[in-house]
Amino acid sequence: MTLNTTSVTWAKKFFPGAYEMEKEAVRMMGSLLGEPNAVGFITSGGTESNLLAMRIARNLAKKRNPEIIMPSTGHFSFDLAGELFGIKVRRVGWNEDRSPRMDEVEEAINENTIALVCSAPEGSLGLMDPVEEFSEIALERDLYLHVDAAFGGFALPFMREMGYDVPPFDFSLPGVSSITADGHKLGLLPLTTSFSLYRDESLLEGVPAESVVWTITSTKNGGFAASAWALFQHLGKDGYKRHLRKILEVTRMISEGISSIEGLRLLAKPFLPIIGFTADGYDIAIVYEELRAKGWGCSLTKDSLTHEDFIRLSIHPYRDKEHAEAFLEALEESARTARKKS
């Protein structure tokens with residue numbers, strides 16, 4: 001297949017440098033994620049990348065009543081895809097260890113199923129879905145499989161090289177059709193820089209031939225392609241591993257510090273730089289309010305499994321040990337205040 005739509009023709013003619021840098025950045029990301037021949041695009045964020053994958057899966061399947069199947073912990077963008085593209089989203093439940101119920105995945109497959117979706121990792125607590133099992137089912141049932149690695153795409157490959165026990169999640173699994181990877185999370189790239197990647201060009205047949213655009217946002221800032229290309233060239237694998245090693249150490253410091261504070265409890269042992277914790281015996285919402293008043297950004301959300309409130313931290317590469325120490329000091333003060341008020 002030749003990339004010869006109107007949008008690509010204009011990009012080549014008027015912005016040849018940005019177009020070629022985007023192609024090269026996509027090639028490098030594909031190689032990092034197990035497929036040097038992968039194709040794709042830089043998009044405005046993980047939501048757009050996920051939307052693009054669902055659009056292509058729907059168009060390739062040509063089902064009158066398309067459905068996708070995914071864990072309940074998956075990103076909201078797939079519900080948006082369902083609304084925009086007329087796809088029914090079927091979410092399966094989870095086990096006590098927070099893993100998706102794979103028997104429900106298989107039971108949910110029917111003649112309308114166009115794709116399976118899983119996460120590497122899911123965004124709430126940073127837990128990995130069993131992508132290898134999803135891949136096996138996708139191959140057996142001849143289904144499209146999309147992996148939402150928005151958070152893990154720029155971390156898991158390097159962690160694997162650093163000796164971490166990273167389960168298979170990328171194009172090295174033959175059942176994986178497409179992957180989302182966000183560079184603005186752990187990839188040190190500007191907001192918003194996401195990669196929408198596909199195993200090979202045949203999957204792009206899912207874009208209508210008469211279409212003049214590949215991506216949803218149509219017009220794109222070439223600066224994102226230039227930034228990605230330049231940073232990849234500058235850092236290389238060693239540079240990324242150096243930054244990731246630092247942020248994983250910060251994550252370890254914070255998670256151990258949380259566990260040492262009276263009444264605070266981690267919901268899961270962090271694997272990636274995402275931490276979720278709650279309080280036993282006092283109100284975690286007060287802890288959250290106190291932290292915010294001290295200038296610390298975090299989010300208060302509800303655990304889908306236990307329905308208890310918890311604080312979620314997403315730790316980005318610009319944080320260091322000094323930030324971790326200052327945060328833990330503020331957290332201990334906030335927890336002390338919450339204990340007094342509760």
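Me: Looking at H4 in this predicted model, which residues are exposed on the other side of the helix?
Reply: Glu-83 and Leu-84 are the exposed ones there. Keep in mind that the model is a prediction.

Me: OK, and which residues of H4 are buried?
Reply: H4 covers residues 77-85, and Ser-77, Phe-78, Ala-81, Gly-82 and Phe-85 are buried in it. Viewed down the axis of H4, the buried residues fall within an arc of 155°, so they line one face of the helix.

Me: Why would residues three or four places apart point the same way?
Reply: Because an α-helix has 3.6 residues a turn.

Me: What about the backbone just after H4?
Reply: Gly-86 sits there with a positive phi of about 70°.

Me: Is Thr-113 buried or exposed?
Reply: Buried: the relative accessibility of Thr-113 is 2%, and the cut-off for buried is under 20%.

Me: What does the side chain of Thr-113 reach?
Reply: The backbone nitrogen of Asn-110, at 2.9 Å.

Me: And which residues is Thr-113 in contact with, leaving aside neighbours within four places in sequence?
Reply: Lys-63, Glu-67, Ile-69, Ala-108 and Leu-143.

Me: Switching to the open sheet of four strands: what's the order?
Reply: S8-S9-S11-S10, with antiparallel pairing. The edges are S8 (264-266) and S10 (299-302); each has a single partner strand, so one side of each has no neighbour in the sheet.

Me: How are neighbouring strands of this sheet turned against each other?
Reply: By 35° on average, if you ignore direction.

Me: How many bridges do S10 and S11 pair over?
Reply: Four, in the antiparallel sense, with S11 spanning residues 309-314. As for a facing pair, Thr-301 stands opposite Phe-310 in S11.

Me: Which helix packs on the sheet?
Reply: H8, residues 222-259. Helix H8 touches S8, S9 (274-279) and S11, and its direction makes about 10° with that of S9.

Me: Now the rings. How many aromatic pairs does the structure hold?
Reply: Eight. Take Phe-154 and Tyr-240: their ring centres are 6.2 Å apart and the planes are at 50°, so that pair is tilted.

Me: Where do Phe-154 and Tyr-240 sit in the chain?
Reply: Phe-154 is in the loop between S5 and helix H7 (156-161), while Tyr-240 is in helix H8.

Me: What are the relative accessible areas of Trp-296 and Phe-327?
Reply: Trp-296 has 17% and is buried; Phe-327 has 3% and is buried too.

Me: Last one: which residues do ring pairs link into a cluster?
Reply: Phe-154, Phe-158, Phe-195, Phe-232 and Tyr-240.

Definitions and conventions
Residues are numbered from 1 along each chain as its sequence is written. This is a predicted model: local features need pLDDT of at least 70, side-chain atom pairs count only at pLDDT 80 or more; totals for chains, interfaces and linings use all residues. Side-chain values use heavy atoms; hydrogens and water are left out. Buried means under 20% relative accessible area, exposed over 50%, partly exposed in between (1.4 Å probe, protein chains only). Helices (H or I, at least four residues) and strands (E, at least two) are DSSP runs, numbered from the N terminus. The arc is that of the directions from the helix axis to the C-beta atoms. Two strands pair if DSSP finds at least two bridges between them. Axes are lines fitted to C-alpha atoms, for helices over the stretch in contact, and angles run from 0 to 180 degrees between N-to-C directions. Contact means heavy atoms within 4.5 Å. A polar contact is a pair of N or O atoms within 3.5 Å; within protein, one must be able to donate a hydrogen and the other to accept it, and residues adjacent in sequence count only if both atoms are side-chain atoms. Rings of Phe, Tyr and Trp (its six-membered ring) pair if their centres lie within 6.5 Å; planes under 30 degrees apart count as stacked, over 60 as edge-to-face and the rest as tilted.
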